[in-house]
Amino acid sequence: MLKAVRNPLAYIAERWTPRPETVRRAALAALVMSVVIIVTGGAVRLTGSGLGCDTWPRCSDDSLVATSEMGLHGAIEFGNRMMTYVVSAAVGWFIIAVRSAKPERRSLTRLGWAQFWVVMGNGVIGGITVLTELNPFIVAGHFLAAMALLTTTTLAWIRVREGDAPPRPLVGPPVRRAVLGLTVLSAALVVVGTAVTGSGKHAGDDSDIERMPFDWETVTRVHSLLAWAVVLGAIAVWAGMRLMDAPPGPRARARELIWALLGQGVLGYTQYFLDEPELLVGMHLFGATLVWIATLRLLLAVRERGTATDDAPTDPARERAPLATA
């Protein structure tokens, strides 16, 4: 039992060998929850609930939790804070699953711990956001940290299906460079999107709080131009893959990215002309997560590392009872 206290992960790993599908489900759960917390964080902002809990780590000076006097805004803000624990549980499940898998894959374990530290760090950034009364630059950093979590969970979700062989390119160097450049453009699109929101009408609170010092029309046009560059780049990558007879996998990922971008573009223009209705802005935020996931899938699809073996020895009894005494 002393060993369980000193190294609980090693203790569990000695007594539980998860099936490959269990590890894949754990990776998917972490990915889904990273999307959910981005969307719920957007709901906090779009409903003006950013200061529903006016301090941190307590909800108010007198209460750890939201009270009825705080109204709906307090409930929404506190509910989003509680989502952090759900995300932490999903990430913890993934860490335990990959640490207990046989053979152990250290690259996946590192991705799991990267998720953990991003969640912890973003919790602190969220607290600073409240303490600085929704400083727009810190709010933007809070969102970008959430996107960093989405990056690590997406990479883990992809990697659990791959092997650990050295990467073998599936397309030529020009296409690989184009895909890398497209990924950088997509990241820039996300960053500029935070400036659009940070200088727009959805400040995150009903009071008159600080906004980013940008002209909203100008930064929105920059965002639109970047979006068109990403769309045209994705189409060029897909066309290049067809001309060079690339394997079906990378071509399919390029098509998925194009469709995600087109859907996101329709939402973006619609919300612009309708003066940023909250529902459409929330849908656009969700679309941003899908676009980034599709971008990362394309980035990793231009190479292969074999497939993860599903024939690792497992004991059904240990799968059912992870803490049974060996």
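Is Val 302 buried or exposed, and what is its relative accessible area? Val 302 is buried, with a relative accessible area of 5%, where buried denotes under 20% relative accessible area, exposed over 50%, and partly exposed the range in between (1.4 Å probe, protein chains only). The structure is a predicted model, in which local features require pLDDT of at least 70 and side-chain atom pairs are counted only at pLDDT 80 or more, while totals for chains, interfaces and linings use all residues. Residues are numbered from 1 along each chain as its sequence is written, and side-chain values use heavy atoms, with hydrogens and water left out.

The secondary structure of the protein chain consists of 11 helices and two strands, taken as DSSP runs numbered from the N terminus (helices: H or I, at least four residues; strands: E, at least two). From the N terminus, the order of elements is α-α-α-α-α-α-β-α-α-α-α-β-α. The C-alpha trace spans about 60 × 60 × 25 Å along its principal axes. Buried residues account for 46% of the 326 residues. Of the contacts (heavy atoms within 4.5 Å) with a separation of 6 or more, 78% join residues 24 or more positions apart. The accessible surface amounts to about 16,400 Å², and 67% of this belongs to carbon and sulfur atoms; areas come from the Shrake-Rupley method with a 1.4 Å probe, and for residues only the protein chains shown count as cover.

Charged side chains number 31 positive and 27 negative, and the centres of the two sets lie 15 Å apart. In this count Lys and Arg are positive and Asp and Glu negative, with His and the chain ends not counted; each charge is placed at NZ of Lys, CZ of Arg, CG of Asp or CD of Glu.

The largest nonpolar core has 27 residues, among which Val 179, Leu 182, Ala 234, Met 241, Leu 257, Leu 261 and Leu 298 touch the most other members. A nonpolar core is a set of buried Ala, Val, Leu, Ile, Met, Phe, Trp, Tyr and Cys residues joined through side-chain atoms within 4.5 Å. Two or more residues of this core come from each of helix H7 (173-198), helix H8 (216-243), H9 and helix H10 (278-301), and H8 gives the largest share, eight residues. A second, separate core of 26 residues includes Ala 26, Ala 101, Leu 111 and Ala 146. In soluble globular proteins, nonpolar side chains tend to be buried together.

Beyond four places in sequence, Leu 261 touches Val 230, Val 231, Ala 234 and Val 291. Leu 267 is located in helix H9 (residues 248-273) and is buried at 18% relative accessible area. With neighbours within four places in sequence left aside, Leu 267 is in contact with Leu 280, Met 283 and His 284. Thr 183, in helix H7, is buried with a relative accessible area of 10%; leaving aside neighbours within four places, Thr 183 is in contact with Trp 292, Thr 295 and Leu 299.

Val 302 lies in the loop between H10 and strand E2 (303-304). Not counting residues up to four places away, Val 302 touches Pro 169, Leu 170, Val 171, Arg 176, Val 179 and Met 241. Helix H2 (residues 8-15) is largely enclosed by the rest of the structure, because six of its eight residues are buried. These are Leu 9, Ala 10, Tyr 11, Ile 12, Ala 13 and Arg 15.

Most residues other than glycine have a negative phi, and most peptide bonds are trans. The Trp 56 to Pro 57 peptide bond is cis, with omega near 5°, and Pro 57 is in the loop between helix H3 (20-46) and helix H4 (71-100). The Lys 102 to Pro 103 bond is also cis, with omega near -5°. Glu 133, not a glycine, has a positive phi of about 55° and is exposed, at 56% relative accessible area. Asp 275 has phi near 65°, lies in the loop between H9 and H10, and is partly exposed at 48% relative accessibility.
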